[in-house]
Amino acid sequence: MKNKISQEEQEQIISILKARFEKNLNRHADIDWTKVEAKLKTNSEKLWSLLQMEKTEGEPDVVAYDKNSDEYLFFDCVAESPKARRSLCYDRKALDSRKEHKPKNSAVDMAAEMGIELLNEEQYRQLQGLGNFDTKTSSWIATPEDVRKLGGAVFCDFRYGRIFLYHNGAESYYAARGFRGYLKI
């Protein structure tokens with residue numbers, strides 16, 4: 001059944017997340033793992049989404065805590081755009097507009113199927129503050145509506161010691177471009 005996670009899968013993903021948390025303390029210096037774990041154990045649907053992020057090679061990790069909403073923020077923290085999420089156009093409209101050589105899916109649709117959202121530009125910049133990501137690949141990010149209405153979509157990467165924000169036709173797709181997502185728990 002969709003969005004259902006077994007007890008074994010729950011334990012597996014929590015174990016993976018804990019090991020990643022402990023390995024990358026610089027990403028969450030002021031966050032207590034026991035509180036994150038307690039929140040995870042009471043949110044099986046969100047755990048399912050984290051498992052999907054992991055299965056598609058995103059290496060999700062907690063990167064922030066919002067005191068006002070009492071939510072932890074997880075980003076895909078894999079060094080390059082997740083391998084199992086590449087060669088995707090931007091959204092359903094772009095996918096439907098292609099007459100031939102259609103990609104297997106779109107970034108927006110795949111994210112929705114996984115129960116996550118695409119990083120926006122601000123979040124992408126926050127991610128890059130944690131390390132150097134997408135030095136050989138690029139990632140679609142949430143595109144402003146005014147750009148999307150004109151047929152475009154935006155993506156980012158990290159080259160020459162800086163973050164670049166680019167545009168492309170939303171229907172385009174490349175083997176080295178995927179998407180990065182986030183999840184709030």
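Predicted model: local features only at pLDDT ≥ 70, side-chain atom pairs only at ≥ 80, totals over all residues.
**Loops, helices and what they cover**

Let me begin with K104, which lies in the loop between α4 (92-97) and α5 (107-114). Residues are numbered from 1 along each chain as its sequence is written, and side-chain values use heavy atoms, with hydrogens and water left out.

Back to K104. Is K104 buried or exposed? K104 counts as exposed because its relative accessibility is 62%. The cut-offs are these: buried is under 20% relative accessible area, exposed is over 50%, and partly exposed is in between, with a 1.4 Å probe and protein chains only. Beyond its neighbours within four places in sequence, K104 is in contact with A84, R86, S87 and L88; contact means heavy atoms within 4.5 Å. R86 is 18 residues away from K104 along the chain, and their C-alpha atoms are 9.7 Å apart.

Helix α1 (residues 7-23) packs against helix α2 (residues 33-41) at an angle of about 160°, and the axes are 11 Å apart. That angle is why α1 counts as roughly antiparallel to α2. The residues in this contact are I14, L17, K18 and F21 from α1, and W33, E37, L40 and K41 from α2. An axis here is a line fitted to C-alpha atoms, for helices over the stretch in contact, and the angle between N-to-C directions runs from 0 to 180 degrees. As for the naming, under 35 degrees is roughly parallel, over 145 roughly antiparallel, 65 to 115 roughly perpendicular, and the rest oblique.

α1 passes α2 in a right-handed crossing. A crossing is left-handed if the near helix is turned anticlockwise from the far one by less than a right angle, and right-handed if clockwise.

α1 also packs with α3 (44-55). How far apart are the axes of α1 and α3? They are 10 Å apart, at an angle of about 65°, and the crossing is left-handed. On the α1 side the contact involves E9, Q10, I13, I14, I16, L17 and R20, and on the α3 side S44, L47, L50, L51, E54 and K55.

Now α2 by itself. W33, V36, E37, K39 and L40 of α2 are buried. These buried residues line one face of the helix, because they fall within an arc of 160° seen down the axis of α2. The arc is that of the directions from the helix axis to the C-beta atoms. As background, an α-helix has 3.6 residues a turn, so residues three or four places apart point the same way. T34, K35 and K41 are exposed on the other side of α2. The cover over the buried residues includes α1, α3 and β2.

Which residues of α6 (residues 121-128) are buried? They are Q123, Y124, L127 and Q128. Their arc around the axis is only 145°, which puts them on the same side of α6. Among the elements covering them are β2 (71-76), β5 (152-159) and β6 (162-169). Take Q123: its relative accessible area is 10%, so Q123 is buried. Leaving out residues up to four places away in sequence, Q123 touches F75, L118 and Y182.

Now to strand β4, where S139 is found. S139 is buried, as its relative accessible area is 0%. The side chains of S139 and R180 make a polar contact at 3.5 Å. A polar contact is a pair of N or O atoms within 3.5 Å; within protein one must be able to donate a hydrogen and the other to accept it, and residues adjacent in sequence count only if both atoms are side-chain atoms. Not counting residues up to four places away in sequence, the residues S139 touches include Y124 and D134.

D134 brings me to the last topic, backbone angles. Most residues other than glycine have a negative phi. D134 is not a glycine, yet its phi is positive, about 60°. D134 lies in the loop between α6 and β4 and counts as buried, because its relative accessibility is 0%. D70 also has a positive phi, near 55°, and its place is the loop between β1 (60-66) and β2. With a relative accessible area of 37%, D70 is partly exposed.

Definitions and conventions
Helix = DSSP H or I, 4+ residues; strand = E, 2+ residues; numbered from the N terminus.
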